[in-house]
Amino acid sequence: TDNQHPSHTTNSCLSDMPDSKELFVVDLGCGTGLLGESLRKLFAKHQSKKDCRIYGVDLSSRMVDLAKLRTIQDHGRNQNVYTEVAQASAVDYLKGEISDGCTDAIVASDVFIYVGDLKELLQECSRTLVGGGILVFTIEAIPLSLKQGNGMRLLASGRFGHDKQYIQEAAISSGLELVRWELGVLRQQRGVDVPGAVVTLRKPV
């Protein structure tokens, strides 16, 4: 599934991004690269964050092929959005490709809604983040009529919804802290707003 509104995630990144001369960013479920492009353009405007490696990963080989082709114009030259794009699940990629404590930021737009139980994924994200590194992702809200149980529900859409308490508890158990919880409309589906939140977690220094 391609990211529909990368601006939600991008806008949450810059202010919380670690102060590093060379950023290492992982885009989980990168789709065709819309979020990566948005990030690359944002970093290009900030001299201190121009030296940035963005690694994308997606389950779909077609999405991977398209993401590899995505470029931006930087001072009249085409620049690849991604340093590298791999085909894998988010957890498998983090486990197999990313070392402990080396990523400054991990982003995921419209990805965690297909995972359900986020504990293993959050643990892997925490393992790979540097101290002060951030994880920014979107979640769908659970309708009030379904708010019961453990704070994670399979919705009628076939996607998963998560509430704030579930995310907080899963974050704490993974060694992460909740920094930002921004409610909003993630996208429209058949003319109906899909409510959710952009979540920012940080690994303590």
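**Salt bridges in a predicted model**

Arg 127 and Glu 124 sit three residues apart in helix H5, so about one helical turn separates them. In this predicted model, the two side chains form a salt bridge, with 2.9 Å between the closest N and O atoms. Glu 124 is buried, at a relative accessible area of 12%, whereas Arg 127 counts as partly exposed at 23%.

Arg 127 also forms a salt bridge with Asp 100, where the closest N and O atoms are 2.5 Å apart. Asp 100 belongs to the loop between helix H4 (90-97) and strand E6 (103-108), and Arg 127 to helix H5 (residues 119-128), so this pair ties together parts that lie 27 residues apart in sequence. Asp 100 counts as exposed, with 56% relative accessibility.

Another salt bridge joins the side chains of Arg 53 and Glu 22, at 3.1 Å from N to O. Arg 53 lies in strand E2 (residues 52-58) and Glu 22 in the loop between helix H1 (6-13) and strand E1 (23-28); the pair therefore links parts 31 residues apart in sequence. Arg 53 is partly exposed, with a relative accessible area of 30%, and Glu 22 is partly exposed as well, at 44%.

The structure holds nine salt bridges. Some share partners, and these join Asp 110, Glu 140, Arg 159 and Arg 187 into one network.

The protein as a whole has six helices and eleven strands. Of its 205 residues, 51% are buried. Among contacts with a separation of 6 or more, 73% are between residues 24 or more positions apart. The accessible surface comes to about 9,900 Å², and carbon and sulfur atoms account for 47% of that area.

Technical notes
Residues numbered from 1 in each chain as written. Predicted model: local features only at pLDDT ≥ 70, side-chain atom pairs only at ≥ 80, totals over all residues. Heavy atoms only, no water. Helix = DSSP H or I, 4+ residues; strand = E, 2+ residues; numbered from the N terminus. Buried < 20%, exposed > 50% of the residue type's maximum accessible area, 1.4 Å probe, protein only. Contact = heavy atoms within 4.5 Å. Areas by Shrake-Rupley, 256 points an atom, 1.4 Å probe, with all protein chains shown as cover. Salt bridge = Lys/Arg side-chain N within 4 Å of Asp/Glu carboxyl O.
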